[in-house]
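Here's a quick briefing to read with the model open beside you. Have a look at the chains first, then work through the points below.

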Amino acid sequence: MPPSELVREKVYAEACSACERFAPSRLSAAATRLASNGLALCGLLFILLVFAVSAAAPWLAPYDPNAADPVLRLGGIGTPGHLLGLDAQGRDMLSRLIWGGRTSLVVVIPAVFGACVLSLLLGLYAGYSRSRVSAVVMRFIDILFAFPMILFAINLATTFGPGIITVTVTVLFCALPYVTRVVYAEVRAERDKEYVEAARALGASSFEIVAREILPNVMTSVVVYGTTLIGGMIVFLAGLSFLGLGVQPPTADWGRMVGEGARVMLLGGGHVATLPALVIVAFALAFNRFGDGLRDVLDPRD
Amino acid sequence: MSLLKIEQLKVDFTGRHGLESAVRGIDLHIEAGEIVALVGESGSGKSVTAAAIAGLLPREASVHGTISFEGSALLGKPESALEQIRGSGIAMVFQNPLSSLDPSFRVGAQLQEVARHRRDIGQAEALEHAATWLQRVGIVDTKRVLRAWPHELSGGMRQRVMIAMAAMGRPRLLIADEPTTALDATLQKDILALLKSLNREFGMAVLMITHDFGVVSFLSERVAVMKAGRIVEHGPTEQVLTAPRHAYTAKLIAAVPELGLRRLDPSPARRLGESGGRKAAVSVISNQPVSDPLLKVQGLTKTFVIEKSWLRSHVRTLDAVSDVHFEVRRGEIFGLIGTSGSGKSTLARLVAQLLASTSGSVQFAGADLAQFDAAELRRFRQRFQFVFQDSTSSLNPRRTIGEQLCDPALRLGVARNQPHAYQLAIEAIERVGLTARHLERFPHAFSGGQRQRIGIARALVVKPEFIVLDEPTSALDVSIQADILNLLLELRQTLDLTYLFIAHSLPVIEFMCDRVAVMQSGRIIETFDAADLHANALQPSTRALLDAVLSLPSRSGEASNTGSIQDASTAELTP
């Protein structure tokens, strides 16, 4: 470490040890901290906006998202009557964008959330236990890493049919190994810390230690990493839909719209792919920022 | 012209809560060849001052005032000019040599780099130069050390290497920021003697930053005492330590546990510091040891496997604890002392059933702990508690204090339900001098001393009979240490507790403990009555530990500080 870093640490310790720290109620402190993080707040607002818009889609969308007007197909942005233009089939882009968020919300968010919960269970067990079983669990995770997810989806679709459930499960298994690895590493690090030893000295069983002592310390990583994965999973879902495994046409779905729009990019339909792509990017960024903000809020350190 | 002259130095930090003042206007001067100590507790600003002199403050610091080195001002100089001064003008040695030495380079390479800095000499010559300096700082096997990586060396060796690196440039001023705090007593004395000899041989002035008055007494000629960013007292060391003029200095000095202090007041009501004169107005439960021991350890051994192998012959083991016997009687404070690596922490954990022993037995209140089932073990835990050394890592950073106190109370059956547990938590936290509103906070909101109190409260909340304390005050400031030690003595009296007290500081052991066992390399080499160590210690290694204690100019003859402190010049001195 450069000397200035050493000095900085020591100096801050000295400077801050004399400061009084006040502790307002945890909730208000958390809310204040989130509010002061501008980007995180923007992220949260955008997410809520998407939720609201998707829920209100039947009343908000100017046109039926599947109604095609072949005469006006590939109309650009600003075509009279169609604010954001029309796609290759002549369907209104704005309406499709409003409706398109639903699959992302219904499939990706529950899938990633499910993956986080499952990975917490697996990671906590594998990280804390010293038995052979924990090694087996982690090898299973390694297999998931290596397994081509598309194949997994195809297999699942063949057995259960290409529906929402299949896609959700696929996305869950796709996200699972990443988060589990992170949880596992963190639990391993926390396992040898003194407060765990202290808990044992105070009569805690292994289950109590994992659930009450270690869990709060690994929650933050899961939250941050999970929210980061959402953007990537939306794109993954798009890939699945493109292959016919997920959302079936003509249902509007952002990812699918990007895939279909890519084909007409050079035919004057640049907006068909770009607009949904921008929305996906904005949505993923919003989750990233919000996740960061959540981490700052959950981490009680200054 | 002074070598270093500081005038009205002010350092402020722009932090999250606004401007924080670390140094509030200090004046200090160091003449060529002098050894000056800057002493204070955490938060006093002494490290910030050292950093300001060396130009190592972070960017968020704003500095005002003058620091002149050999006549020319240091503040405001560009980095290039400062680089010229560092090394041959001013050099610095830091507290933790493991983080100061680059772990990716061999020691020899790092020394070479320093030797060739601004001097046009070849690699081989630089290496020879480095070897000479290693010898000067007392390292005999220079070849091995030069080829070694930093993590392969012991703490004492690393600090010697750091000093060699700093002194190689023949600096006129060496700033040492608590260089021996992380070292054992015997090593500490060696390193300080080394600094003294370098000072004599090369006329190198030394600015010693420390919180330990023993170090001040041993090393320095003049001392300045800092408190909250100001120098409250300065003068010749002998004078300041024997006749402090400022109340704060006197309070600090009174709080230092010294060998021989026990003889003044050997009763269980003895206390460190200014309250030492007052007899504690506490109902004294008779601490006469009961005939049969509360804790009995026999033949305890713990062997760690440090290198596994399929071949039996290649398996390397470490006997952390070998064949240890001792007994602790009810109401006693039993001390355990040894240098780092002697196995005392391991022994503590074995006794507390936090580690499984390889062989031997531990009996608590007559029952053999190895025979316990889960339910009996839980009952044992309620009666037998542990206080850890590092309060920062032994408290869960993500749970409030209240939760960490209530949980054990419920779990070990001391509390009937949640409200009762909360009540017990409040009781425990008030016992250690904090208040109920502290229960809602997280550990990071407290200072080191407060966290240690919380650790003690956590042990107390389950109403134990026996507490193992693993170096509870090693990381604390002098006055905080005195408070915690006094608290422990008071709790022992009011709650009828028994302690197994582990420390590496002999004066603390002598003050606190009734009997003490000395550990070395996993074995107990002797056990004796702690009230008078000088008289009772027989083994050569124990006597070596005793010799390594840095004492203040004798205060043992002083009467207890009941009178006013201002006129301390009339205090009695016994040489």
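A residue counts as buried if 20 or more other C-beta atoms lie within 10 Å of its own, as exposed if 12 or fewer do, and as partly exposed in between. Keep in mind that this is a predicted model.

**Positive phi in chain B**

- Ala228(B) isn't a glycine, yet its phi is positive, near 45°.
- You'll find Ala228(B) in the loop that joins strand E9 (222–227) to strand E10 (230–236) of chain B.
- Ala228(B) has 16 C-beta neighbours inside 10 Å, so it counts as partly exposed.
- Glu178(B) is another non-glycine with a positive phi, this one about 45°.
- The loop holding Glu178(B) runs between strand E7 (173–177) and helix H8 (185–202) of chain B.
- Glu178(B) counts as buried, because it has 20 C-beta neighbours inside 10 Å.

**Bent helices in chain A**

- Helix H5 of chain A covers residues 93–128, and at 1.5 Å a residue its 36 residues should span 52 Å; the end C-alpha atoms are 51 Å apart, so the two agree.
- H5(A) still has a kink of about 25°, centred on Leu105(A).
- Helix H8 of chain A (residues 164–191) has 28 residues and should span 40 Å at 1.5 Å a residue, which agrees with the 39 Å between its end C-alpha atoms.
- The bend in H8(A) is about 35° at Leu176(A), and a proline, Pro177(A), follows within four residues.

**Around Asn217(A)**

- Asn217(A) sits in helix H10 of chain A, residues 206–242.
- Because 20 other C-beta atoms lie within 10 Å, Asn217(A) is buried.
- Setting aside neighbours within four places in sequence, Asn217(A) is in contact with Glu190(A), and also with Pro397(B) and Arg398(B) from chain B.
- Asp299(A) is 82 residues from Asn217(A) in sequence, but their C-alpha atoms are 8.8 Å apart in space.

**Domains of chain B**

- Across the boundary, 10 residues of domain 1 are in contact with 12 residues of domain 2.
- On the domain 1 side of that contact, H8 and helix H11 (247–255) of chain B each supply at least two residues.
- H11(B) gives the most to this side, with four residues.
- By type, the domain 1 side divides into four nonpolar, three polar and three charged residues.

Note on methods: Residues are numbered from 1 along each chain as its sequence is written. Chains are lettered from A and ligands numbered from 1 in the order in which they are written. This is a predicted model: local features need pLDDT of at least 70, side-chain atom pairs count only at pLDDT 80 or more; totals for chains, interfaces and linings use all residues. The expected span of a helix is 1.5 Å times one less than its number of residues. The bend at a residue is the angle between axes fitted to the seven residues ending there and the seven starting there. Two residues are in contact if their C-beta atoms, placed from the backbone, lie within 7 Å. Ala, Val, Leu, Ile, Met, Phe, Trp, Tyr, Cys and Pro count as nonpolar, Asp, Glu, Lys and Arg as charged, and the others, Gly among them, as polar.
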